[in-house]
Amino acid sequence: MSRETVVAKRYAKALYEAAAQDGRTLEVEQELTAAVEALTSDKEIVNFIESPNISEDAKWQVLESSLQGKLSQSVISFLKLLIERGRADILPETLDSYTKISGDALGLANATVYTTYSLDEQEQNKVAQEFGEIVHKKIRVHNVVDKSLLGGMKVVIGDTLYDGSLAGKLERLEKSFRR
């Protein structure tokens with residue numbers, strides 16, 4: 001485990017504890033997700049935040065004016081702390097750690113479902129229900145369309161891959177023939 005991952009987990013745990021005291025764990029997760037997306041999706045913003053020629057104070061003034069009113073004060077204070085300490089680079093890892101901590105505490109798990117087409121709400125609910133029974137948690141589905149799949153689906157929950165794709169089934173069949 002890298003040093004950045006360890007540090008990100010510490011920050012995420014502190015943020016989770018503060019959010020739990022306020023009873024806002026899921027809201028903070030949604031706000032943090034939006035902030036990370038906004039701050040990491042545009043190359044110019046990333047370059048601005050990572051620039052050593054711009055002081056942390058100047059970075060924060062620009063970001064605060066654009067974030068004010070869109071995020072809660074606790075998330076804004078958290079982002080300010082990371083920027084002041086020159087740790088904006090660990091925002092994605094912090095979000096991942098926060099989501100895991102929050103999910104574990106609330107009995108939730110995130111599932112990334114890879115399919116050849118976009119699943120409708122009913123199909124997502126069915127996947128969530130079936131995999132929820134397997135892992136004994138409430139599943140939040142994130143559907144990713146993967147045109148390279150021949151058919152079926154792959155589901156990733158935590159570190160576990162459930163491969164129900166046609167290619168995966170063919171590969172398992174081939175291995176059984178070799179035995």
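Is Lys100 buried or exposed in this predicted model? At 53% relative accessibility, Lys100 counts as exposed; that label needs over 50%, while buried means under 20% and partly exposed covers what lies in between, worked out with a 1.4 Å probe and protein chains only. Since the model is predicted, local features need pLDDT of at least 70 and side-chain atom pairs count only at pLDDT 80 or more, whereas totals for chains, interfaces and linings use all residues.

Now for the overall picture. The protein holds eight helices and four strands, where helices (H or I, at least four residues) and strands (E, at least two) are DSSP runs numbered from the N terminus. Reading from the N terminus, the elements go α-α-α-α-α-α-β-α-β-β-β-α. The C-alpha trace spans about 65 × 35 × 35 Å along its principal axes. Of the 179 residues in the protein, 33% are buried.

Next come the salt bridges. A search of the whole structure turns up nine of them, each being a side-chain nitrogen of Lys or Arg within 4 Å of a carboxyl oxygen of Asp or Glu. Lys100 takes part in one with Asp104, with the closest N and O atoms 3.1 Å apart. These two sit four residues apart in helix 6, so about one helical turn separates Lys100 from Asp104. Asp104 has a relative accessibility of 42% and counts as partly exposed.

Glu84 is partly exposed at 44% relative accessible area, and Lys80 is partly exposed at 33%. Over in helix 7 (residues 121-135), Glu130 and Lys126 are also four residues apart, about one turn of the helix. Their side chains meet in a salt bridge of 3.4 Å, N to O, and Glu130 is partly exposed with a relative accessible area of 40%.

Then there are the aromatic rings. The structure holds three aromatic pairs, meaning rings of Phe, Tyr and Trp (its six-membered ring) whose centres lie within 6.5 Å; planes under 30 degrees apart count as stacked, over 60 as edge-to-face and the rest as tilted. One of the pairs is Tyr11 with Phe78, which is edge-to-face, at 6.3 Å centre to centre and 75° between the planes. Tyr11 belongs to helix 1 (residues 3-22) and Phe78 to helix 5, so this pair ties together parts that are 67 residues apart in sequence. Tyr11 and Phe78 are both buried.

Finally, the surface carries a patch of negative charge, where Glu4, Glu50, Asp89, Glu93 and Asp96 gather. Patch members have over 30% relative accessible area and no salt bridge, with like charges joined within 9 Å and nonpolar side chains (Val, Leu, Ile, Met, Phe, Trp, Tyr) within 5 Å. Asp89 is found in the loop between helix 5 (73-84) and helix 6 (91-106), and is partly exposed, with a relative accessible area of 43%.

Terms used
Residues are numbered from 1 along each chain as its sequence is written. Side-chain values use heavy atoms; hydrogens and water are left out. Accessible areas come from the Shrake-Rupley method with a 1.4 Å probe; for residues, only the protein chains shown count as cover. Lys and Arg count as positive and Asp and Glu as negative; His and the chain ends are not counted. The place of a charge is taken as NZ of Lys, CZ of Arg, CG of Asp or CD of Glu.
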